[in-house]
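This report covers salt bridges, the nonpolar core and a surface patch. Please keep the sequence and the structure at hand while reading.

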Amino acid sequence: MHPFFEFFMEKQIMAEFVRILTISRTGSVSLQLLQTMSIIIQNLKSEHAIYYLFSTEHMNKLITYAFDFRSDELLSYYISFLRAISGKLNKNTISLLVKTQNGRVVSFPMYVEAIQFAFHEESMIHTAVRALTLNVYHVGDDCVNRFITSPPHAEYFSNLVTFFRKQCINLNELVFETKRSTELSTSTILAAIDEIEDNLYYISDIISAGIPDVGRLTTDNILRHLIFPLLLPSLMIEGIQIGAVTSLYLLCCILRIVKIKDLANTISAAFFCPLDSFSPHCEGRLIGNMNWLCCANRSQSSGSDSIVRQPSDAESLRKEVLYSSTPKTELEGVSTKNGCRGSRLDLREALLSHITTGDDVEVLGALSVLATLLQTEELDESMLDALGILPQRKQHKKLLLEALVGEDSSEQQLFSSENASSKGGIDVELDGYLKKLKVLFLSSMLPLTFLHANIKKEIIFLRPLIVDTYCIQEL
């Protein structure tokens with residue numbers, strides 16, 4: 001150990017630092033002390049020295065001291081100080097910075113103080129806080145993980161999604177302003193896009209830490225605060241805070257960057273829901289309608305006809321393509337009640353309408369969503385099959401395997417001209433994720449209507465020609 005640090009320990013300089021801080025009257029003393037501590041911690045190589053610094057109560061006293069953060073410079077040095085500490089964390093040292101009671105972590109000042117500045121307007125500050133949190137998450141201490149995923153600290157993950165939602169709305173406003181004014185530079189939009197993607201990569205990094213409850217918390221918060229109330233309704237309702245083009249782009253980003261199986265499959269299952277399911281103006285009749293949908297899915301899948309079926313001939317296909325290609329003005333003319341659109345069409349058909357009736361940008365956005373779904377490894381093939389975009393090579397392979405193991409009617413389907421989708425797998429997977437949608441909607445207390453009693457009790461399997469041409473290829 002370096003003689004200088006031996007002197008540091010012998011004279012108990014840490015205690016002297018705390019004493020000087022408590023009697024100081026100027027911000028310059030605080031600033032210099034934080035800078036000095038950051039330099040010392042960053043240059044510690046000896047494990048013994050790190051243990052000494054972290055094991056004394058003086059470190060937590062420095063962390064929790066009431067600094068005057070009206071000075072941006074002081075705040076910057078404070079966050080750098082916390083980040084330097086987090087860089088030395090491992091399963092042995094992290095226990096020195098927490099307080100436990102009956103085997104449970106009850107206090108972790110460094111983490112709690114840091115996340116208060118997670119959404120600071122200064123990019124260097126919130127970037128440093130994110131690096132600190134990732135250092136904590138990747139330690140992998142079970143007690144600490146339970147602490148950060150329990151109330152009220154778990155609110156950080158919902159606040160992160162809420163912050164991201166605000167960024168999405170801001171991006172949409174920039175896009176709208178760019179259309180109206182030629183003076184606004186596209187560089188502003190590109191900067192906003194970079195921030196959005198940085199946030200998604202941060203969320204992805206959090207998930208990669210492998211904390212059991214974080215993936216679930218992240219999925220639920222993204223669905224409740226962003227996907228269901230904002231992005232999906234934007235596909236068919238203009239002027240609800242965000243435009244369709246921005247929504248299509250954000251769906252692509254989320255599916256491409258945030259690698260969560262439940263998230264990808266739940267988003268896909270939502271495309272089978274009627275247009276008014278996510279409308280903020282409809283009264284909720286969710287429980288009975290969702291139960292009915294799940295029961296109908298199970299009962300029909302066990303019958304002679306699959307709930308997910310393909311058109312029986314070319315003429316039927318042509319009619320369904322025309323049906324899905326109905327102009328938006330006609331789609332909006334479906335029967336309404338109390339300001340709600342009728343539930344004749346589902347979100348999947350709304351997505352296809354952007355391809356068949358939208359402008360060039362909407363077509364590109366909708367096709368990008370379909371292409372992204374195809375390339376999403378976390379998405380079950382049965383969901384792709386239900387959506388009608390499973391590549392023909394994979395359909396043929398699946399039917400061949402089913403024929404080899406003796407699945408009913410698989411051999412007939414394999415050599416039939418229609419090459420229809422198999423029934424069981426699609427229905428089971430779809431039913432499971434429809435149940436998840438129900439649970440999420442109930443807990444989020446959103447006023448949703450899932451199905452009206454008069455709609456036809458089946459989900460029609462469309463395979464529009466334009467999607468066939470673009471998407472059903474070998475990957």
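Exposed here means over 50% relative accessible area, buried means under 20%, and partly exposed lies in between. The model is predicted.

## Salt bridges

R70 has a relative accessible area of 75% and is therefore exposed. Its salt-bridge partner is D68, with the closest N and O atoms 2.9 Å apart. D68 is partly exposed because its relative accessible area is 38%.

The structure holds seven salt bridges. Another of them joins K261 to D380, with a closest N and O separation of 2.3 Å. This pair links distant parts of the chain, 119 residues apart: K261 is in helix 14 (residues 261-270), and D380 is in the loop between helix 19 (360-375) and helix 20 (381-387). K261 is partly exposed at 42%, whereas D380, at 12%, is buried. A further salt bridge, between R19 and E16, has its closest N and O atoms 2.4 Å apart. Both residues lie in helix 2 (residues 13-23), about one turn of the helix from each other.

## Nonpolar core

The largest nonpolar core has 125 residues, and M59 is among the members that touch the most others. Beyond its neighbours within four places in sequence, M59 is in contact with residues including M14, L53, F81 and L97.

## Surface patch and a buried asparagine

L400, L401, L404 and V405 make a nonpolar surface patch of about 410 Å². V405 counts as exposed because its relative accessibility is 64%.

N145, in helix 9 (residues 142-148), has a relative accessibility of 9% and so counts as buried.

Conventions. Residues are numbered from 1 along each chain as its sequence is written. This is a predicted model: local features need pLDDT of at least 70, side-chain atom pairs count only at pLDDT 80 or more; totals for chains, interfaces and linings use all residues. Side-chain values use heavy atoms; hydrogens and water are left out. A nonpolar core is a set of buried Ala, Val, Leu, Ile, Met, Phe, Trp, Tyr and Cys residues joined through side-chain atoms within 4.5 Å. Buried means under 20% relative accessible area, exposed over 50%, partly exposed in between (1.4 Å probe, protein chains only). Contact means heavy atoms within 4.5 Å. Patches are made of residues with over 30% relative accessible area and no salt bridge: like charges are joined within 9 Å, nonpolar side chains (Val, Leu, Ile, Met, Phe, Trp, Tyr) within 5 Å. Accessible areas come from the Shrake-Rupley method with a 1.4 Å probe; for residues, only the protein chains shown count as cover. A salt bridge is a side-chain nitrogen of Lys or Arg within 4 Å of a carboxyl oxygen of Asp or Glu. Helices (H or I, at least four residues) and strands (E, at least two) are DSSP runs, numbered from the N terminus.
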